[in-house]
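Please consult the sequence and the structure shown below while reading.

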Amino acid sequence: MSDRNDPDVALETGAQVPPDEPVIEKEPEPEEPSRWQQALREIATGNAIISVLAVLLALAVGAIMIAFTDERVQAASGYFFARPGDTFVAIWDSVAGAYSALFQGAVYNFRRPDFVSGIRPLTETLNFATPLIAAGLGVGLAFRVGMFNIGGRGQMLLAASAAGWVAFSFDLPFPVHMIVATIAGIVAGALWAGIAGLLKARTGAHEVIVTIMLNYVALYLVSWMLRTQGLLQAPGTNNPKTPPMKDTAIFFDLLGPQFNLHFGFILSIACVVLVWWILDRSSLGFQFRAVGLNPKAARVAGINVNRMYVYGMLISGALVGLAGVDQVLGTVTTGFSSGIDAGIGFDAITVALLGGSNPWGILAAGILFGAFKAGGFSMQAAEGVPIDIVLVVQSLIVLFIAAPPLVRAIFRLPQPGSKPKKRNRTARTEEVAAK
Amino acid sequence: MKLELRGITKKFGSLVANDHIDLTVEAGEIHCLLGENGAGKSTLMNVLYGLYRADEGEILLDDQLQHFEGPGDAMRAGIGMVHQHFMLIPVFTVAENVMLGHEQTRTAGLLDLAAARAKVREISDRFGFDVDPDALVDDLPVGVQQRVEIIKALSRDARVLVFDEPTAVLTPQETDELMAIMRQLKETGASIVFITHKLREVREVADRITVVRLGKVVGEAEPTATNAELASLMVGRAVELTVQKEEPDLGEEALQVEHLTVVDPVGQLVVNDVSFSVRRGEVLAVAGVQGNGQTELTEALVGLQSRVQGTVRLDGQDLTRNSVRRILDAGVGFVPEDRTEDGLVGEFSVAENLMLDRADGEPFVKAGNVQRGFLAEFAKEKVAEFDVRTPGIDTKAGRLSGGNQQKVVLARELSRDLNLLVAAQPTRGVDVGSIEFIHKRIIETRDAGVPVVVVSTELDEVTALADRIMVMYRGKVVGIVPGDTPREVLGLMMAGERPAASGDAPTPEGAAA
Amino acid sequence: MTAPSQHHATATPTEQALDSTTVLSWKAPISFAVITALLAVLFLTTRHSGDATFRLSAGNDLIQIPEVTLNGPVTTWTCIALLTAITVAAAALVRAKRRVPLWVVVIFAVIGLIAFLTWAAAGARTPVIPLPGLLAGALSLSVPLIFGALCGVISERVGVINIAIEGQLLAGAFTSAVVASVIGQQWLGPIVGLFAAAISGVLVAFVLAAFSIKYFVDQVIVGVVLNVLVIGLTSFLFSQVLAPNAALLNSPPRLQRIPIPILSEIPLIGPMFFRQTLIVYAMYVIIAAVYIGLFHTRWGLRLRSVGEHPTAADTVGINVARTRFWNVSLAGAIAGFGGAFFTLGAVGAFNKEMTAGAGFIALAAVIFGQWDPIRATLAALLFGFASNLQNTLSVIGSPVPSEFMLMLPYVVTILAVAGFVGKVRGPAAAGKPYIKA
């Protein structure tokens, strides 16, 4: 047994591999024969079609809700068996009315005489999309670093407060004032998110919990500042509201005074490019993604994982902060109260998820949800359908997108598991998990 | 109880893990299931235990056809399993773990812990275990945890007991004790399936042997079969793992480790006052049973451990408590033990993985931008040089086979200017062809004058590569001995016995010549 | 933290523990020192020289206890001295490599609270703290938090992170209001409403369970999105249906208080605990049931095993997916039931987003209570107390901005997860989907 050629010795090599890793170490299969087939297959099973179908599905559920709660439908269904047609007509009327109002409020209003006022809804959509894109980028970037930033609300509130405070209490010339206010807001958002990053890096505190809690801390902090003279409250009033922003600080209109679209939109687009560059081209983004996908390997490779968490949260918070700045310098320039975040912090999560945490996807998702918001308000005004339906549709879209098998099952699409290559991979994970 | 498996087939996608396997285990026999890692032994047993559903085939117990929907059914039918990775809830007590799944209750549905304790004590006494029913499993040493697993199986009156690679985590002495337990169980009439890939253990306890290779039964053997017969059955070809290497051309002492101690979060000294040194052009192999501090030692060398005392010097430069980044920049190459967890980002491409540990500076990054053209060229070159079998440099590393993944890690580490290479389990889970390649590259690195530290739990890898061997046991160095030290001596050292010949306290230099 | 050596005594000689040392944790003394310093600074910068009176019984109580009046500066500085002493003692304990026991922390907290209350009242317009009202109000603010926290404890213990507590509470509040309004009547309506609330909580939980257990969607994402969904749904239905038909659909009969004889006459705690509605009495039962169930029954043992090590649970024949599914649903039922308190117990009608973050405070209580039903209940009580203290202080006109009291639960939770308060370690497998072949 002592000689070195003992087969027993040799056989123990490679021992103690935890799972029974399949020994058939096959070379990865070559590319599929037909690129076209593969392309078609990927369209049918891939993310794009799932996203489209998820949106359609969510709109369908929304339609059902609109129809069922419509009074005309309820009235007509009272005599359904006598004249069923009436019910269907009423359903059609309510749903078509609501969704056409949604469309006309979001894209183009055909009832307007000229193009300029007809296209106004589209600019409104972009206007609503502006903070959604910025905040969505923030949440999406955090996702890529492996973190979930639910703290958009708090970060926006503090950013809005900082930017607003600079905007209403300083006297500076036009572009300087605007720039300083914007930077103040971005820094405030970054720092507030940075708390969560720092705590995660230093103590391992889970950023989900910390950011949720920081939302409320920020809410109460800002509420207190808003009702305290000398901080944010407008002088001489009792309302928890700030004075209006000075003209030198607010974002200028892009398309002239008849449209609300403001400079913030340009900033959001710039941020899309910036985030794309960070994630796809820069060294920092490489390290971000490495940490997000496998923090242990990143650490072993000498990447300072904790620092990446802090940087990731800082940048994420800065982007969300920009959304807060958009709100006070672009959307509500007449002074704000503690509702200034307008739920954008949470909407941003759905935007980032719908956009697949990819900057261009987030741009598209932000515009889509911006359209829902713009259209939702006109739907509420024209058809009396509460804007809350938009929340329902939005959250359903994200739920459906998060579970592609569900959408595929509903539309009877092929599951990607029918592809041998992919199933092979799942099988490995399954095996490991079942050990 | 007699167990019979007929034509079991289990596929994972296109991979056939079990291909029409037949196996019969008579009552009161110890039946060894022998095969290399990945031969499909564990998959077969997970089918038997109801964890996997077989695609084809039948399971019979005492000639009765069985249908297992899950492990619950298998256990009710009298099958018990001691898993390779213990299936114990760390925060539960021994008694709670033993009762889980078949709890006895008192009035009002309250758990009858007293009965569970009594059961644990009864079984412990029967087999001479000394297990406290109220101890938290988390606090128990590995050997005792395995006994809890055995108690768990016996408490359900298992008549067929499956031991899945039970000795992987045990010292030779603990292994002997386990063998005794198996024989004792056999006396009671239980049938035992013993899964292993270690021939020595097989010949010691087996009544019959079934050899599995690539998911198929390739033969049955008697315990009297020679090692050579069993081995060729198991691997299908003669295995030659000796590496061609010259005598080392030793340079000056490069790595000096003094009184290195690593403390884990609960305060245990997982590496306890370890001192050694490695010269340029020398391979120091660290041997020992898994879990005796080798992992933590390598992690401490590259700065991955936080609670470290003592000093680590490389070419006179003090690296103790430096960041990983600084240590890598000092020219330390590191092949981590678990490549999928620590070595690679599976979702990254091969190319991206090749720049993983140089992500913040030249040559891959200039002015904050990743140099994609340079990276592509570099990656193509390395893929060719290290014979990485991949469809392209943009393929995700997670989709490569284990051997090719390891080559990517090795290519990355060896492409830097190294002053030290630390390789932990460099060939674990790697196919034979890649093993030879990797061993060759490690020896080449040594011959280029780089000091090398190789950690391996495999004695043959240790003896194949080492110029000197350091054996660790319970966090301490048992001794440092020459590379040609006989296996028996090394085996004893791995059990914590100091070698009689080389004195009681070998110095780092003691055995260098 | 002590080395786990005592158990190793049972092992055979070759399996002795590794040599070990003790890892010192300075968190407790440091936290103590920071809090003491903060209080001292507060008391120094804003001096209140008056007296503080603590009223211990309400006017209509059978047994009257005289009021206690404390001198402001004397009491506060005595307390600061005591706090300093405890801090020093804690530091000495750590230096001697011993742990700081929980009761020391509790005593520290109580003394700190007395100091703070005395200081606040001494500077107030009416320096009287009505303890009975303060406590009873605290309990009623805590009720939905406790239900939510129990929901969180169960679902996290079984391995599913539940961010959707808020949504479940809101669904319960909405459903109970509608059902109780439609049925009407003094008793039947609210009681049926309670059950309907539980069912609505289950429905929300079903979605959480289905998406996270069947489709392996990230549990946090599902939870966050579910909250938005429930807010959207209830707000939509409120505006569209409830508001126009408020008399029919949104005027539920409120649950009546049922004083328990004798017990309700105990000074101070009697009115607080035993002059309550059915929901609160049900809560006592549920707390006890969850506690006993989790730690002393087969159900709890299996539930916890699934949350800690699902593979191990699977290998002893426990169906992991089913266990998770039903227990998440059960948790949803508890939260939905608790949500009914908003409409049937407190306000008396549904309103948009009326839970106002209670679900997140409940989540905080789960973490602060270290996933233990009793501790989580205590944490919820503490948080309820903090918000009611804010109410009381603003009534008596204390100088502390109310927002800072309202912040307390959240700040405390951040400190807790950052490891400054106790050891926070959740169920090992929480948040991880269990995927098997």
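## Chain A: overall content

Chain A contains 19 helices and zero strands; helices (H or I, at least four residues) and strands (E, at least two) are DSSP runs, numbered from the N terminus. Of its 435 residues, 55% count as buried. A residue is termed buried if 20 or more other C-beta atoms lie within 10 Å of its own, exposed if 12 or fewer, and partly exposed in between, with C-beta atoms placed from the backbone. Among contacts in chain A between residues at least 6 apart in sequence, 72% join residues at least 24 apart; two residues are in contact if their C-beta atoms, placed from the backbone, lie within 7 Å.

The model is predicted: local features need pLDDT of at least 70 and side-chain atom pairs count only at pLDDT 80 or more, while totals for chains, interfaces and linings use all residues. Residues are numbered from 1 along each chain as its sequence is written, and chains are lettered from A and ligands numbered from 1 in the order in which they are written.

## An enclosed helix in chain A

Helix α12 (residues 283-293) of chain A is largely enclosed by the rest of the structure, because 10 of its 11 residues are buried. Among them are Phe286(A), Phe288(A) and Arg289(A). The cover over the buried residues of α12(A) includes α7 (120-144), α11 (264-281), α13 (295-300) and α14 (305-331) of chain A, together with β17 (365-366) and β18 (369-370) of chain B.

## The side of chain A that touches chain C

In this interface, 43 residues of chain A are in contact with 38 residues of chain C. The elements of chain A that give two or more residues to this side include α3 (47-69), α9 (174-203) and α10 (207-226). The largest share, 11 residues, comes from α10(A).

By residue type, the side of chain A that touches chain C divides into 31 nonpolar, eight polar and four charged residues. Here Ala, Val, Leu, Ile, Met, Phe, Trp, Tyr, Cys and Pro count as nonpolar, Asp, Glu, Lys and Arg as charged, and the others, Gly among them, as polar.

## Chain B: domains and strands

Chain B is assigned domain 1 (3-235), domain 2 (240-331 + 417-498) and domain 3 (348-416); such bounds come from an automatic or database domain assignment. The centres of domain 1 and domain 3 of chain B, taken over C-alpha atoms, are separated by 42 Å.

An open sheet of four strands has the order β2-β1-β4-β5 (chain B), with antiparallel pairing; two strands pair if DSSP finds at least two bridges between them. Its edge strands are β2 (15-25) and β5 (64-66) of chain B. Strand β4 (residues 56-61) of chain B is joined to β5(B) by three bridges, and Ile59(B) has Gln66(B) as its bridge partner.

Elsewhere, β11 (residues 253-263) and β14 (residues 308-314) of chain B pair in the antiparallel sense over six bridges, with Val257(B) opposite Val312(B). Two bridges also join β14(B) to β15 (residues 317-318) of chain B, where Leu314(B) stands opposite Gln317(B). The hairpin of β14(B) and β15(B) has two residues between the strands, and Asp315(B) takes a positive phi near 50°.

Chain C is divided into domain 1 (19-123) and domain 2 (139-421), and 31 Å separate their centres, taken over C-alpha atoms.

Phe195(C) is found in helix α6 (residues 188-214) of chain C. Phe195(C) counts as partly exposed because it has 16 C-beta neighbours inside 10 Å. The C-alpha atoms of Phe195(C) and Phe337(C) are separated by 7.0 Å, although these residues are 142 residues apart along the chain.
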